[in-house]
Every structure is written in structure tokens, then in C-alpha cells.
Amino acid sequence: MLSPAEAQERCEALIARARRAGADAGDAVYLGNSSESVSVRLGSLEDVERSESENIGLRVFVGGASASIGSTDLGDAALDELASRAVAMARLAPADKFAGLAPEELLLKGPAPDLDLDDQTERSPADLRRLAEEAEDAARAVSGVTNSEGGGASAGRGLFALATSHGFSGAYAASSHSISASVVAGEGSAMQRDYSWRSTRHAADLKTPAEIGREAGERAVSRLNPGRVKSGPMPVVFDPRVANTLVGHLLGAISGASIARRASFLLDRDGEKLFDSAITIFDNPLATRGMRSRPFDGEGLPTGPRKLVDAGHLTGWLMDAAAARQLGATPTGHASRGSSGAPHVTSSNVVLEAGSVTPAELMADIADGVYVTELIGQGVNGVTGDYSRGASGFRIVNGQLAGPIAEFTVAGNLIDMFAALTAANDLEVYRGIDTPTLRVDGMSVAGD
């Protein structure tokens with residue numbers, strides 16, 4: 001994998017080639033990744049993997065049309081061919097009045113901020129195996145665990161570089177370290193499985209393998225002998241590891257591309273109060289060591305913290321340059337890039353702010369409800385906001401968790417769900433989209 005300086009140089013060289021081949025403008029991206037992972041099962045080594053990849057992509061604009069092309073060959077001859085082929089493709093493509101580079105005056109000026117994303121800690125295969133074994137051993141030590149799907153540990157590093165024909169050039173590296181465990185509890189047809197994992201930029205920030213393994217084992221055992229729930233309207237409480245999916249649906253709906261296509265259930269709701277005034281949702285791409293942090297976006301624009309929802313009110317759309325042109329607005333620094341194709345909109349480190357009550361207090365007045373720990377299926381309509389997903393979890397009876405349940409469905413409409421949402425105070429930030437425990441009253445539960 002190249003160094004950041006070398007990756008920038010390759011991107012700049014590719015842009016120069018494209019200009020010489022006849023491009024009016026263009027940008028080039030480099031993506032490099034290396035990773036190593038070890039998995040064990042029942043105390044024995046299951047798999048060791050090492051992967052490395054390098055890709056360079058070029059997007060050119062010729063007479064209002066554009067074309068994108070990518071390659072894994074970074075040699076001079078390959079870059080020459082890449083540039084000439086991209087320009088030839090653009091000359092045959094239809095014009096697109098919304099395509100183009102981000103406005104030059106908005107580009108990041110000066111050095112990119114250091115977000116401490118790159119940990120130089122080296123993990124040998126032996127180190128990774130030890131971590132995986134410790135996680136699995138801790139999970140299997142939980143009473144009631146009868147089998148294992150394995151423990152795993154991995155370490156990797158990625159590099160992103162971008163250069164544009166109108167003056168931007170930058171690169172940054174980011175490391176990742178992760179540990180996971182997945183085990184089975186029970187016997188025969190009564191078996192249940194569950195898991196736990198953590199992934200961080202720096203190895204020192206990981207939870208211990210013993211903590212991760214124990215959590216996986218306890219979760220699996222807690223699911224044994226699930227009952228059924230009766231159908232009807234009732235409060236639904238979402239565990240943090242699934243509650244973040246509700247915010248994910250919000251993010252998809254406020255993408256500028258969705259708004260421009262008029263394919264969002266939040267169309268024409270900019271500035272409206274969607275949530276209770278106690279709800280605030282942040283997007284912070286500059287979080288130190290954040291799993292989705294980035295010093296600049298996929299078009300060379302600076303990134304910065306923003307409230308997506310401020311005291312319940314929606315604050316606007318997330319836009320790359322193309323969506324901003326379609327909507328007559330300004331790009332927001334939320335463009336992301338792959339090695340080929342046009343940019344697309346992505347958020348960064350998104351956090352729904354913690355509430356003021358504990359999860360126990362959040363559930364205390366629920367006489368009959370459900371606590372969801374797993375969601376199944378993709379039954380969400382991004383245009384209408386209709387929501388229906390299979391689920392498993394626990395019954396809530398008189399404010400207390402009262403045994404596992406499975407094979408039920410929770411349904412509603414996201415507009416109504418957002419309005420009825422309340423948050424507990426147990427926020428833990430590590431997923432990329434993070435929320436505390438969330439309660440939504442008035443949902444439809446379909447069981448027996």
C-alpha cells in the first residue's frame with residue numbers, strides 16, 4: 001500500500017494525464033486497504049486471512065458529460081490508458097447539467113485536521129489468535145452455552161487520497177481493530193444464538209476479549225425458551241444495538257439525492273418538528289478516533305459537526321455537489337467516494353443524544369409491551385415511511401423484562417414513530433450510528 005504522499009502523487013499524476021487527453025475537469029481517488037484476521041472455533045484455529053487491495057479511480061468531465069473508470073494497476077502505462085479511455089467514454093456520454101466538481105471556493109484550504117485515526121500498533125497473527133481464543137473462551141464459560149460459532153479478531157488499515165483538477169489534494173489513513181464472539185445456547189430445536197463485537201480505530205480503545213465473550217454468552221442464554229406475544233398496539237422499547245436502525249432510516253430520508261428524486265417520506269418537511277423537543281441528533285465527522293471520522297469529504301470539501309435534528313426539528317438535507325445543484329442549495333460536505341462512479345451521500349459519526357432517565361425508568365410504566373433486541377427483514381418503505389419488521393426480544397410486564405419472545409412483528413409509520421420516541425440515558429458510542437435505548441409508544445405488534 002502506498003504512503004499518503006505517494007497516493008496523492010498518483011492521483012495528481014492521473015489528473016494531469018486526463019487533462020492532456022482532453023478532459024475539461026476531473027478528479028481522481030485512491031483507496032488502499034490491508035487487513036489480517038484470525039478466527040477460532042471450539043478452541044481450534046479455524047481460519048487466517050490476509051488481504052491487500054489498491055484501487056485508483058478517475059472521473060472526467062468533457063463538454064457537460066462525464067465518465068468514471070477504475071483500475072487496480074497503478075503503473076504509468078496503465079494510468080495513461082485509464083485517462084485516454086475515460087475521456088473517450090465521456091465524449092460518448094449524454095450531458096448532465098447537475099454533474100461536476102464541487103465549487104472551488106468551498107474546497108478545504110490548508111492542511112487537513114489530524115483526527116488521530118491511524119494507530120501504528122502491530123498485531124501479529126499470534127496476537128490476533130490469542131484475542132479470538134480469549135473471547136470465545138469467555139463466551140463458552142457462560143453457563144448454558146453449548147456450542148460456538150467462533151471467536152474472531154482482526155486488524156487493518158485503509159488509506160484514502162483525492163485530487164481534483166481545480167486545486168484540491170489530500171490523503172489520510174485510518175486503522176481498525178476488532179474482536180467478536182458468537183455462541184449457541186441450549187440443545188436441539190431449542191437452541192438460540194447471539195453475539196457481541198467491538199471495533200475501534202485504536203487497539204487500546206477495545207473492550208477486553210473477556211468482556212466481549214461474556215456478553216455474547218449471556219445474550220445467547222437469555223434467549224432460551226422464547227414464548228409468543230399477543231397481537232395489539234403497545235409500547236415498543238428498542239435495545240441500543242437495534243435502536244440505531246431508526247436513525248439510519250432518518251439518514252436515508254434526508255439524503256439530498258432522495259429529496260431530489262422526490263423519493264423520501266420527509267419530502268417538504270425541512271425545518272419541521274419531527275421529534276419531541278428533548279431529541280437532538282448530531283453528525284460529527286471530526287470526532288477524534290471516530291469510526292466514521294474524516295477530515296474532508298469525497299469531493300474535497302471540509303467536514304464539520306452539525307445537528308441533523310435540533311430540539312426535535314429537522315435542520316435540512318445532506319448533500320453532495322450534484323444533489324445541491326438539483327436542489328438549488330450548497331453541498332454540505334457529506335460526499336463519499338468509491339474507486340469508480342460518482343460521489344454519493346453518507347453521514348459520519350451520528351449520535352442521538354442521551355435522555356435523562358435510565359432504561360428501567362423508561363420502561364417503568366409499561367404494563368404490557370415488548371423489548372426488541374433483534375430485527376429481521378427489510379420491511380421499510382423509504383417513500384411512505386411505512387415500517388414493518390420481524391423481531392425477537394423480551395416481554396415487558398409491569399415495567400420489568402419478563403422472559404424472551406420470538407416470531408413477532410413490530411409495525412408503524414416512521415413519522416408517527418419519530419414523534420412518539422423517547423430516549424434513555426445509556427448512550428454508548430462505538431457503532432458509527434449510536435443511540436441509547438429508545439421507546440416508541442403506540443406501535444402495532446403482531447404475534448399470536
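Let's start with helix H4, where Pro-209, Ile-212, Gly-213, Ala-216, Gly-217, Arg-219 and Ala-220 are buried. By buried I mean under 20% relative accessible area, while exposed is over 50% and partly exposed lies in between, using a 1.4 Å probe and protein chains only.

Before I go on, a word on what you are looking at. This is a predicted model, in which local features need pLDDT of at least 70 and side-chain atom pairs count only at pLDDT 80 or more, while totals for chains, interfaces and linings use all residues. Residues are numbered from 1 along each chain as its sequence is written, and side-chain values use heavy atoms, with hydrogens and water left out.

The expected span is 1.5 Å times one less than the number of residues. What do the buried residues of H4 pack against? They pack against H3, E4, E5, strand E6 (192–200) and helix H5 (240–253). Contact, here and later, means heavy atoms within 4.5 Å.

So let's visit helix H3, residues 125–140. Its 16 residues should span 22 Å at 1.5 Å a residue, and its end C-alpha atoms are 22 Å apart, which agrees. Buried in H3 are Leu-128, Leu-131, Ala-132, Ala-135, Glu-136, Ala-138 and Ala-139. They cover an arc of only 160° around the axis, which puts them on the same side of H3. Those buried residues pack against strand E1 (25–41), strand E4 (145–164), strand E5 (169–185) and helix H4 (209–222).

Now for the strands. Strands of a sheet pair through backbone hydrogen bonds, either parallel or antiparallel. I call two strands paired if DSSP finds at least two bridges between them.

Have a look at strand E7, residues 232–238, which pairs with strand E19, residues 438–446, in the antiparallel sense over 6 bridges. Within that pairing, Pro-233 has Ser-444 as its bridge partner, and Val-236 has Val-440. E7 also pairs with strand E14 (residues 368–376), this time in the parallel sense over 3 bridges, and there Val-236 stands opposite Val-370. Is E7 enclosed or open? 6 of its 7 residues are buried, so E7 is largely enclosed by the rest of the structure.

Strand E16 (residues 400–413) runs antiparallel to E19 and is joined to it by 3 bridges, with Thr-409 opposite Ala-446. Strand E17 (residues 421–423) is also antiparallel to E19, again with 3 bridges, and Ala-423 is partnered with Leu-438.

Next, an open sheet of 5 strands, in the order E10-E9-E8-E13-E18, with mixed pairing. Strand E10 (313–314) and strand E18 (433–434) stand at the edges, each with a single partner strand, so one side of each is left without a neighbour in the sheet. Further in, E8 and strand E13 (residues 350–352) pair in the antiparallel sense over 3 bridges, and Phe-282 stands opposite Val-351.

Two threonines in loops deserve a stop. Thr-435 sits in the loop between E18 and E19 and counts as buried, at 0% relative accessibility. Leaving aside neighbours within four places in sequence, Thr-435 has contacts including Pro-240, Asn-244 and Leu-427.

Thr-303 is in the loop between strand E8 (281–283) and strand E9 (306–310), and at 11% relative accessibility it counts as buried. Which backbone oxygen lies 2.7 Å from a polar atom of the Thr-303 side chain? That of Arg-294.

Finally, the record. UniProt, in an unreviewed entry, places "domain: Metalloprotease TldD/E C-terminal" at residues 231–447; UniProt positions use the numbering used here, feature names are shortened, and annotations may be inferred rather than shown by experiment. Over residues 231–447 the chain is 17% helix and 34% strand, and the end C-alpha atoms are 5 Å apart.

Methods: Helices (H or I, at least four residues) and strands (E, at least two) are DSSP runs, numbered from the N terminus. The arc is that of the directions from the helix axis to the C-beta atoms. A polar contact is a pair of N or O atoms within 3.5 Å; within protein, one must be able to donate a hydrogen and the other to accept it, and residues adjacent in sequence count only if both atoms are side-chain atoms.
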